Amino acid sequence: MISINFDSRFKKSNEGLGFRVGYGISNAFACKECDFIVLKGNIIPISVNYLLGKKKNHLELGTGLTAFIASKDSPAFPILGLDFGEYSLSKNYGTFTIGYRYYKKTPSLLFGISWVPTYNKYDLNPKNVGISIGYKIN
């Protein structure tokens, strides 16, 4: 999975409550009689987060929702026998985020690494790790 995100604080501050919204692409896996098939789709991550820390080092805590939408043009759908209209597969995943974020208070590059488990009513995937590289503006 890869995504481009916009992250901001609700108040004019480098710490505290904020949000993240983005767009990306991802793969999902389906099983047709135990033959795994890859579905390519779009993701829309939306989350709220809280940054704790002063100066350059911050603890990030967050929760959110990521929507996965696979297009009907995906080559896997005829194999799976799926036909759900314009968009053939849509799944929502809840997320939790516990991570570290490094940046200066002035405009500069930022770096972060996070553990981001995902869940829905059918399963829990604790194996997701996120890496953030970006540019902080005031």
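Student: Is Tyr119 buried, exposed or partly exposed?

Tutor: Tyr119 is partly exposed, at a relative accessible area of 32%. On this scale buried is under 20%, exposed is over 50% and partly exposed is in between, with a 1.4 Å probe and protein chains only. Bear in mind that this is a predicted model, where local features need pLDDT of at least 70, side-chain atom pairs count only at pLDDT 80 or more, and totals for chains, interfaces and linings use all residues. Residues are numbered from 1 along each chain as its sequence is written, and side-chain values use heavy atoms, with hydrogens and water left out.

Student: How many aromatic pairs are there?

Tutor: The count is three. Rings of Phe, Tyr and Trp (its six-membered ring) pair if their centres lie within 6.5 Å; planes under 30 degrees apart are stacked, over 60 edge-to-face, and the rest tilted. Phe96 and Tyr119 make a stacked pair, 5.3 Å centre to centre with 20° between the planes.

Student: What does that pair tie together?

Tutor: Phe96 is in strand E5 (residues 87–102) and Tyr119 in strand E7 (residues 118–119), so the pair joins parts 23 residues apart in sequence. Strands (E, at least two residues) and helices (H or I, at least four) are DSSP runs numbered from the N terminus. Phe96 is partly exposed too, at 44%.

Student: Which residues do ring pairs link into a cluster?

Tutor: Phe6, Phe10 and Phe19.

Student: Switching topic: where does Ile43 sit, and what does it touch?

Tutor: Ile43 is in strand E3 and is buried, with a relative accessible area of 3%. Leaving out residues up to four places away in sequence, Ile43 touches residues including Met1, Tyr23, Ile25 and Phe68; contact means heavy atoms within 4.5 Å. Ile43 and Ala70 are 27 residues apart in sequence and 8.8 Å apart in space, C-alpha to C-alpha.

Student: And where is confidence lowest, and where highest?

Tutor: It's lowest in helix H1 (residues 76–80), with a mean pLDDT of 47, and highest in strand E6 (residues 108–115), at 93. pLDDT is the predictor's confidence in each residue, from 0 to 100. Over residues 76–80 it is below 50, though that stretch has 17 contacts in the model beyond near neighbours in sequence. Where pLDDT is low, the predicted coordinates should not be read in detail.

Student: What's the chain average?

Tutor: The chain averages a pLDDT of 82, and 77% of the residues score at least 70.
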